[in-house]
Amino acid sequence: MHLVFTSVAKRADAVKMAKTLVASALVACVSFRPIESVYSWKGEMVHAREFLLEIKTAKPVAARAWLAKHHPYRIPMIYSQKTMAVEFRYAKWVKTACKR
C-alpha cells in the first residue's frame, strides 16, 4: 500500500478529485483536511490556506500520473510513500478496492 499526497486551494477541487479517483478504482480512499502552507512563488512569500489530500492506493504510479494530468495547479506538489506496518485487513481492502 502507498500513500500519495497532494494539496489544492479549494475544497470543491479536493472533493471532485477524491470522488473521481475512487470511482475510477485508481485509489481506495482519499482523506482531506484544511492546512496552511507558506512557500515562495515567483519571488514572493505566500501564506495560503489549502486542502491536503491523503490518498490510499495500490496503484501509486497511476494515481500520481492522473493527479499530474488533472491537477489545478501549474506545478503541483505530488509525492508518494510506501507504507510499512499497515494493518493486514486494511492493506488487503486497499488492494482489492484498486482492482475493481
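1. K42 is placed in the loop between β2 and β3 and is exposed because its relative accessibility is 65%. Here buried means under 20% relative accessible area, exposed over 50% and partly exposed in between, with a 1.4 Å probe and protein chains only. Strands (E, at least two residues) and helices (H or I, at least four) are DSSP runs, numbered from the N terminus.

2. A word on the basis of this note: the model is predicted, local features need pLDDT of at least 70, side-chain atom pairs count only at pLDDT 80 or more, and totals for chains, interfaces and linings use all residues. Residues are numbered from 1 along each chain as its sequence is written, and side-chain values use heavy atoms, with hydrogens and water left out.

3. Now the sheet pairing, where two strands pair if DSSP finds at least two bridges between them. Strand β2 (residues 29-41) runs antiparallel to β3, joined to it by 13 bridges; Y39, for example, has V46 in β3 as its bridge partner. β3 (residues 44-57) also pairs with β1 (residues 2-8), again in the antiparallel sense, over seven bridges. On that side, S7 is bridged to L52 of β3.

4. K56 deserves a look. This lysine sits in strand β3, yet counts as buried because its relative accessibility is 6%. Its side chain makes a polar contact of 2.6 Å with that of S31; such a contact is a pair of N or O atoms within 3.5 Å, where within protein one must be able to donate a hydrogen and the other to accept it, and residues adjacent in sequence count only if both atoms are side-chain atoms. Leaving aside residues up to four places away in sequence, K56 touches M1, H2, L3, V27, A28, C29, S31, Y90 and V94, with contact meaning heavy atoms within 4.5 Å.

5. Which loop holds I75? I75 is in the one between α2 (60-70) and β4 (78-82), and is exposed because its relative accessible area is 56%.

6. A85 is another residue other than glycine with a positive phi, near 55°. A85 lies in the loop between β4 and α3 and counts as exposed because its relative accessibility is 84%.

7. Finally, K99 is in the segment after α3 (88-97). K99 and A25 are 74 residues apart in sequence, but 6.6 Å apart in space, C-alpha to C-alpha. K99 is exposed, at 63% relative accessibility.
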